[in-house]
Amino acid sequence: MPAKERRAIFISYRRSDSAPWTGRLAADLRRYFGKDRVYLDIDSNLPARDYVVELEQALLASRVVIAVLGPQWLGSPNDRGQRRLDDPGDLVRVELETALRNGKALIPVLVGGAVMPPGHEVPPSIETLSHLQAVRLADPDWPYDFGRLLETLERHAVLPASEADTAPPSESTILTTRRYERRLQATRRRAFDALTGAVELLRYPIVEVRPEAAMVAFDARRGGAVFAEVVDADPGHSTVVLKLPSVKTGTVAGASAALAIFTNGFSMAALPALLAWQRRFAVGFFDNVEGVLEGRGVGEDSSLLPGVHAWRNRRREV
């Protein structure tokens with residue numbers, strides 16, 4: 001399978017245990033990553049093919065395996081009343097064994113109030129599953145919990161198609177992204193509310209909002225869309241991450257040096273000025289998020305040149 005056709009996610013589940021939750025999860029993942037990058041047996045297998053071979057090929061071609069565990073996953077019986085998981089030919093067991101044997105990232109997802117199975121209650125070949133960090137998807141908090149699952153997938157380099165299909169290493173590009181972050185004393189939800197509140201109070205045009213991922217993209221009036229998201233930190237704390245579109249340092253420095261002779265050296269100030277504005281904007285934006293979080297509202301708009309913020313506010317008051 002060509003690299004561009006490789007699936008990102010393989011979903012392992014037991015129909016009698018978690019079919020409704022798995023269907024919802026697959027639909028949400030496909031909306032985010034694209035249909036062809038998420039494997040689900042009921043609609044991903046090709047007709048007239050060996051079902052087991054299809055499963056194995058799809059799993060081996062995936063980057064991450066999500067194991068959906070419902071309330072009956074551990075003790076689900078077969079037609080003879082025996083526990084399915086004890087059968088070496090059980091497809092769910094084979095899927096997990098294949099994932100572990102081939103070093104695939106395995107993410108247990110708990111649905112329907114399920115809990116992680118103790119190691120001594122699963123076959124030795126998949127005992128590792130019991131020691132993995134699980135992600136819970138609770139019905140009342142599904143959008144928030146799904147956002148946490150997306151964060152986990154991102155740590156395993158599973159990204160939306162628009163971000164995953166980047167230019168090949170041999171293709172030159174002058175664009176890059178600069179990342180700034182600040183830790184806040186607030187839960188992820190409170191920090192995200194403050195983040196979106198700051199964007200609205202500063203009147204930045206909003207490009208996209210994804211509450212499930214605690215992410216908002218907005219136009220800060222310079223250099224394209226800015227992406228801001230909130231990720232969990234220590235208990236009771238979270239981190240606001242700001243991603244600014246920028247250009248590669250070497251590109252700006254090279255162009256500035258080439259133009260220096262024609263601009264009496266003024267072009268050499270382009271790179272420091274760009275980086276200074278980005279730092280100033282990030283610090284000011286974080287200050288405003290904290291201001292909203294603490295009930296003080298927003299202060300100066302750091303996307304504007306010094307003095308322009310006050311001038312604009314005076315015009316609004318007239």
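The model is predicted: local features need pLDDT of at least 70, side-chain atom pairs count only at pLDDT 80 or more, and totals for chains, interfaces and linings use all residues. Residues are numbered from 1 along each chain as its sequence is written, and side-chain values use heavy atoms, with hydrogens and water left out.

**Overall make-up**

- The protein chain holds 10 helices and 10 strands; helices (H or I, at least four residues) and strands (E, at least two) are DSSP runs numbered from the N terminus.
- Of its 318 residues, 44% count as buried. Buried means under 20% relative accessible area, exposed means over 50%, and partly exposed lies in between, with a 1.4 Å probe and protein chains only.
- Among contacts in the protein chain with a separation of 6 or more, 67% come from residues 24 or more positions apart; a contact means heavy atoms within 4.5 Å.

**Nonpolar cores**

- The largest nonpolar core has 29 residues, and Ile9, Leu29, Ile66 and Leu153 have the most contacts inside it. Such a core is a set of buried Ala, Val, Leu, Ile, Met, Phe, Trp, Tyr and Cys residues joined through side-chain atoms within 4.5 Å.
- Two or more residues of this core come from each of strand 1 (9–12), helix 1, strand 3 (64–69), strand 4 (105–111), strand 5 (135–137), helix 5 (142–155) and strand 8 (215–219).
- Another core, of 28 residues, lies apart from it, with Tyr204, Phe218, Val240 and Ala282 among its members.
- Leaving aside neighbours within four places in sequence, Leu153 is in contact with Ile9, Leu29, Phe33, Val64, Ile66, Ile107 and Val158.
- In soluble globular proteins, nonpolar side chains tend to be buried together.

**Packing of helix 1 and helix 5**

- Helix 1 and helix 5 pack at an angle of about 60°, with their axes 12 Å apart. Axes are lines fitted to C-alpha atoms, for helices over the stretch in contact, and angles run from 0 to 180 degrees between N-to-C directions.
- Helix 1 is therefore oblique to helix 5; angles under 35 degrees count as roughly parallel, over 145 as roughly antiparallel, 65 to 115 as roughly perpendicular and the rest as oblique.
- The crossing of helix 1 past helix 5 is right-handed. A crossing is left-handed if the near helix is turned anticlockwise from the far one by less than a right angle, and right-handed if clockwise.
- From helix 1, Trp21, Arg24, Leu25, Asp28, Leu29, Tyr32 and Phe33 meet Trp142, Phe146, Leu149, Leu150 and Leu153 of helix 5.

**Salt bridges**

- The count comes to 15 salt bridges, each defined as a side-chain nitrogen of Lys or Arg within 4 Å of a carboxyl oxygen of Asp or Glu.
- Asp28 and Arg31 form one of them, at 2.1 Å from N to O. Both residues lie in helix 1 (residues 15–33), three residues apart, about one turn of the helix.
- An α-helix has 3.6 residues a turn, so residues three or four places apart point the same way.
- Asp28 is buried at 13% relative accessibility, whereas Arg31 is exposed at 66%.
- Asp86 pairs with Arg83 in a salt bridge, with the closest N and O atoms 2.8 Å apart. Asp86 is partly exposed at 47%, and Arg83 is partly exposed at 24%.
- Glu294 pairs with Arg296 in a salt bridge, with the closest N and O atoms 2.8 Å apart. Glu294 is exposed at 52%, and Arg296 is exposed at 55%.
- A network of salt bridges links Glu154, Glu229 and Lys243.

- Most residues other than glycine have a negative phi, and most peptide bonds are trans.
- Ala157, not a glycine, has a positive phi of about 65°. Ala157 sits in the loop between helix 5 and helix 6 (161–164) and is partly exposed at 44%.
- Arg203, not a glycine, has a positive phi of about 60°. Arg203 sits in the loop between helix 7 (188–201) and strand 7 (206–210) and is exposed at 52%.

**Other sites**

- Helix 4 (residues 91–101) has Val92, Arg93, Glu95, Leu96, Glu97, Thr98 and Ala99 buried.
- Thr239 is in strand 10 (residues 238–247) and is buried at 11%.
- The C-alpha atoms of Thr239 and Ala186 are separated by 8.9 Å, with the two residues 53 apart along the chain.
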